[in-house]
Amino acid sequence: VTYQAEIPLVAKCRECKADATLMMQVHDSEKELVKERPVGAGVWPHDSLVISLYLCTTCGKLKATWNQG
């Protein structure tokens with residue numbers, strides 16, 4: 001069960017605007033990122049985080065998005 005917004009399989013490349021394909025997702029199920037929050041950080045992921053990495057096969061740029069419930 002997740003409270004995340006739907007994660008698309010394709011995203012627009014910020015560089016060339018072609019389609020970028022979802023390559024990898026990172027989920028902080030062990031709460032390792034949560035523990036690293038810098039003092040004074042206004043925005044930091046919590047344990048519901050999913051980071052999605054997209055690869056543009058036209059220009060080779062990576063795009064990362066994050067989503068948390």
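Buried, in what follows, means under 20% relative accessible area, exposed means over 50%, and partly exposed is in between, with a 1.4 Å probe and protein chains only. By that cut-off, 20% of the 69 residues of the protein chain are buried.

This is a predicted model, where local features need pLDDT of at least 70, side-chain atom pairs count only at pLDDT 80 or more, and totals for chains, interfaces and linings use all residues. Numbering starts from 1 along each chain as its sequence is written, and side-chain values use heavy atoms, without hydrogens and water.

Overall dimensions next. The radius of gyration of the protein chain is 14 Å, while a compact globule of 69 residues would be near 11 Å. That radius is taken over C-alpha atoms, and the globule rule is 2.2 Å times the number of residues to the power 0.38. Along the principal axes, the C-alpha atoms fill a box of roughly 40 × 30 × 15 Å.

On to the elements. From the N terminus, the order is β-β-α-β-β, with helices (H or I, at least four residues) and strands (E, at least two) taken as DSSP runs and numbered from the N terminus.

What makes up the largest nonpolar core? Six residues: Ala 11, Cys 13, Ala 18, Ala 20, Tyr 54 and Cys 56. Such a core is a set of buried Ala, Val, Leu, Ile, Met, Phe, Trp, Tyr and Cys residues joined through side-chain atoms within 4.5 Å. Ala 18 is in contact (heavy atoms within 4.5 Å) with Ala 11, Lys 12, Cys 13, Cys 56 and Thr 58, leaving aside neighbours within four places in sequence.

Last, Met 24. This residue lies in strand E2, residues 19-27, and counts as partly exposed because its relative accessibility is 49%.
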